[in-house]
Amino acid sequence: MKKISLSFALILAIIQISAQTGTIRGRVFNEKNNEPLPFTNIIIFGTTIGSTSDLDGNFIFTGLKPGFVKLAATSVGFESHVSEEFQVTNAKTVFIDIPMRETTIQLDQVVVKASPFRKTEESPVSMRTLGIGDIEKNPGANRDISKVIQALPGVASTVSFRNDIIVRGGGPSENKFYLDGMEIPNLNHFATQGASGGPVGIINVDFIREIDFYSGAFPANRGNALSSVLEMRQIDGNKERLIFKGSVGASDLALTLNGPLSEKTTFFVSARRSYLEFLFGVIGLPFLPTYNDFQFKVKTRFDLKNELTVLGIGAIDQFRLNTGIENPTEDQQYILNYLPVNEQWNYAIGAVYKHFRTNSFDTWVFSRNMLNNVAYKYENNDESLPKTLDYVSQEMENKFRYENSGRIKDFKLIAGAGGEYARFNTTTFQEVFIPLGEDTLRAIDYNSEIDLFKYHFFGQLSRNFNNDRLILSLGLRSEGNSYSSNMSNPLNQLSPRFSAAYALTEKFFLNFNTGRYYQQPSYTTLGFRNNEGQLVNKENNLKYISSNHLVGGVEYRRSEGAKLTLEGFYKQYGNYPVSVVDSISLANKGGDFGVYGAEEVTSTGIGRAYGFEIYLRDQIMNSINVILSYTFVRSEFKDYDNIYIPSSWDNRHLLNLTVSRDFKKNWTVGAKWRFVGGSPYSPWDIDRSSLIVAWDARNQGYLDYNNFNTLRTESFHQLDVRVDKQYFFEKWSLNIYADIQNLYNFKQEGPPNLITQTDGMGNDLVDPVDPSRYLLKEVANPAGTVLPTIGIIVEF
């Protein structure tokens with residue numbers, strides 16, 4: 001530790017040997033046809049520093065102070081545009097493209113001013129844009145996109161070490177993710193198959209330029225989602241020279257490289273490896289995970305009218321139990337007894353080709369993604385004994401999508417279609433104790449393979465009225481697959497949507513959206529078979545899940561950099577899969593490790609989620625940045641008595657407050673406080689759990705589904721702080737940060753764990769009155785701890 005401290009002191013003592021200046025180069029162009037826009041005025045947003053584009057639309061800024069900036073561009077006949085946020089450093093020249101939209105507004109008419117808080121015609125409500133500054137320095141997030149999103153309105157977070165995205169009372173399986181227009185299956189390592197959660201994000205934020213997060217009002221070209229769509233756009237490789245960046249954080253080491261391959265082609269590539277196995281072993285945790293991931297992008301601009309992007313992302317996740325712990329505690333032994341070994345790898349790779357026409361552009365997307373998931377458990381963790389769980393599964397998707405986007409005067413039209421070939425296979429063996437009739441121990445033992453052909457088509461027409469003060473948008477989408485006659489019929493998944501936005505003044509806006517959205521059940525549900533080999537869910541007439549959305553809101557912009565919104569929302573769910581075994585909607589599941597949806601179900605679930613959100617983004621005294629969000633949400637699903645009961649995501653109150661300030665000499669200090677209302681949970685079924693044959697099947701208790709979600713945990717709150725210090729040298733830069741999660745060490749009492757009572761040798765005690773049962777006890781399950789992190793980022 002003394003050597004490490006000395007090294008840090010030496011780094012901090014380095015004398016900065018050159019002036020702190022950076023360079024921006026860029027290009028301004030017409031968004032519909034990629035033609036350059038000469039004589040466009042560009043300024044550093046919020047300053048008077050300006051530049052003008054040349055005949056080819058190119059511009060340059062030099063001698064800039066390093067930091068996070070935006071650009072504002074204005075040109076006659078085009079709407080004003082504010083770019084995404086990006087960072088200027090000494091280590092490299094930043095390249096930025098600025099697309100401009102034509103307008104028919106006359107110069108002598110009153111116009112609605114452009115703002116950094118952008119919104120689209122299709123989604124004027126329920127869409128938030130995050131810049132790289134919001135991601136890089138978010139307290140407690142450790143540069144993890146999923147954790148950054150959890151601070152947005154409508155998004156719940158958990159006290160556990162998971163990145164589940166729970167939006168407006170919807171489950172973690174109801175989200176879709178896109179990277180540069182290519183769909184990717186999940187965001188996290190050790191992902192829950194069939195859902196979105198996991199402990200650590202896959203995305204390397206070094207290459208993220210901007211994120212659009214939709215919690216509703218999904219555009220028609222994005223489907224198969226019920227709660228949210230996440231659009232991530234990446235930077236291009238540097239056009240001038242090779243740039244290296246390395247970072248060491250709380251759990252991993254990351255190395256990245258980007259630069260030119262030729263005059264017309266750039267690239268970037270990154271790789272990360274964790275050292276969690278070492279850290280967890282030192283502190284004595286009962287599980288030892290290791291993850292690896294990669295990410296790359298190659299972009300070629302053949303000419304003004306044609307460009308091709310090839311990109312990919314993938315992960316390898318390995319996991320083993322720490323069975324070498326001496327004298328494990330009750331909690332450690334409990335985890336070792338039930339937790340299976342889990343190993344995964346996944347990837348997504350694709351190509352995006354764009355062709356620009358006179359008044360529109362075409363986008364062709366080809367991609368393939370695959371997930372390989374293995375889980376197994378030996379009896380008593382002894383590999384010489386039989387397995388109680390042996391699960392192997394693969395999901396493969398080969399996709400194609402075509403889109404055309406264009407503008408003619410005040411009209412904007414997006415239309416397209418796509419197809420997909422998917423394959424799912426699994427070999428599943430698991431000992432289970434199923435309460436059907438007489439309680440019996442059974443073995444689920446089947447092999448399954450299904451092939452699906454999917455399709456979708458969509459169109460959305462938008463128009464501006466009254467000098468852009470009124471915007472209307474109408475969209476239609478449908479999709480289907482070859483699983484069954486019901487799912488193949490496009491009329492059964494017809495998905496209309498409508499949006500409207502009206503500017504009452506330059507500062508006040510009314511926004512509205514309504515739509516009907518569909519999502520295919522998970523492959524684990526589609527491919528589930530009974531021991532006789534029957535696709536029982538197909539025979540049960542499994543359907544697409546539906547959700548009707550209604551959203552309305554008011555928006556107030558006090559200044560160019562300040563925004564206050566109030567939104568109300570209502571979601572009505574239908575056709576949700578309901579478990580045949582426990583009569584519980586799958587909407588309540590998916591928030592834990594393992595596999596989601598691999599059981600017999602019926603499409604009979606009905607639910608609703610409703611509430612309102614307040615979102616404020618402002619600056620106090622022109623120096624302190626403030627982001628405040630509050631959400632009131634109710635999430636309920638009908639039980640077998642047709643009565644609405646709280647779902648597992650019914651937190652009711654969500655509050656996030658983030659403040660940050662930049663100081664002299666490149667210091668930044670930030671803090672985030674979050675409050676999450678208590679989560680519903682179910683009591684243990686002691687009578688069933690105590691049966692020896694039932695307990696030995698899974699080494700865990702069984703929930704009392706007759707009293708489902710009748711209990712609730714206490715509320716959870718946490719304070720995270722972060723301090724950044726940046727150094728800018730002649731050809732390289734250094735960022736050192738300290739991040740502390742849960743600064744005041746708040747601990748939330750979660751649902752109690754149920755364990756067996758043991759003797760002094762660790763053997764389970766049998767009930768002396770009933771030898772067919774174990775003696776059980778409940779133990780406290782506190783969650784939350786102080787988690788400090790020191791990170792170093794070097795770029796040259």
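The model is predicted. A search of the whole structure finds 60 salt bridges. One network of them joins E31, E79, R101, E121, E122, R407, K412 and D468.

**Salt-bridge network**

- R101 and E121 form a salt bridge, with the closest N and O atoms 3.3 Å apart. Both residues lie in the loop between β9 (93-100) and β10, so this pair ties together parts that are 20 residues apart in sequence.
- R101 also meets D468 in a salt bridge, at 4.0 Å from N to O. D468 sits in the loop between β26 (440-465) and β27 (470-481), so its pairing with R101 ties together parts that are 367 residues apart in sequence.
- E121 has a salt bridge to K412, where the closest N and O atoms are 3.6 Å apart. K412 belongs to strand β25 (residues 411-434), so the pair ties together parts that are 291 residues apart in sequence.
- R101 counts as buried at 14% relative accessibility. D468 is buried at 16%.
- E121 is buried at 6% relative accessibility. K412 is buried too, at 13%.

**Five-stranded sheet**

- Five strands make an open sheet with mixed pairing, in the order β10-β15-β16-β13-β14.
- β10 (127-131) and β14 (182-184) are the edge strands; each has a single partner, so one side of each lacks a neighbour in the sheet.
- On average, neighbouring strands of this sheet are turned by 25° against each other, direction ignored.
- β13 (residues 175-179) and β16 (residues 228-234) run parallel and are joined by five bridges. K176 stands opposite V229 in β16.

**Nonpolar surface patch**

- L504, F508, L510, V554, L564, L566, F612 and I614 form a nonpolar patch on the surface. Together they have about 610 Å² of accessible area.
- Strands β29 (508-519), β31 (562-579) and β32 (601-620) each supply at least two residues of the patch.
- L564 is placed in β31. Its relative accessibility is 36%, so L564 counts as partly exposed.

**Single residues**

- S579 also lies in strand β31. S579 is buried, with a relative accessible area of 3%. Its side chain makes a polar contact with the side chain of D582, at 3.1 Å.
- N745 is in the loop between β40 (733-741) and β41 (748-749). N745 is partly exposed, at 34% relative accessible area.
- N745 and P153 are 592 residues apart along the chain, and their C-alpha atoms are separated by 24 Å.

Key. Residues numbered from 1 in each chain as written. Predicted model: local features only at pLDDT ≥ 70, side-chain atom pairs only at ≥ 80, totals over all residues. Heavy atoms only, no water. Patch = residues over 30% accessible without salt bridge, like charges linked within 9 Å, V, L, I, M, F, W, Y side chains within 5 Å. Areas by Shrake-Rupley, 256 points an atom, 1.4 Å probe, with all protein chains shown as cover. Salt bridge = Lys/Arg side-chain N within 4 Å of Asp/Glu carboxyl O. Helix = DSSP H or I, 4+ residues; strand = E, 2+ residues; numbered from the N terminus. Buried < 20%, exposed > 50% of the residue type's maximum accessible area, 1.4 Å probe, protein only. Pairing = 2+ DSSP bridges. Axes fitted to C-alpha atoms, helices over the stretch in contact; angles between N-to-C directions. Polar contact = N/O pair within 3.5 Å; in protein donor to acceptor, adjacent residues only side chain to side chain.
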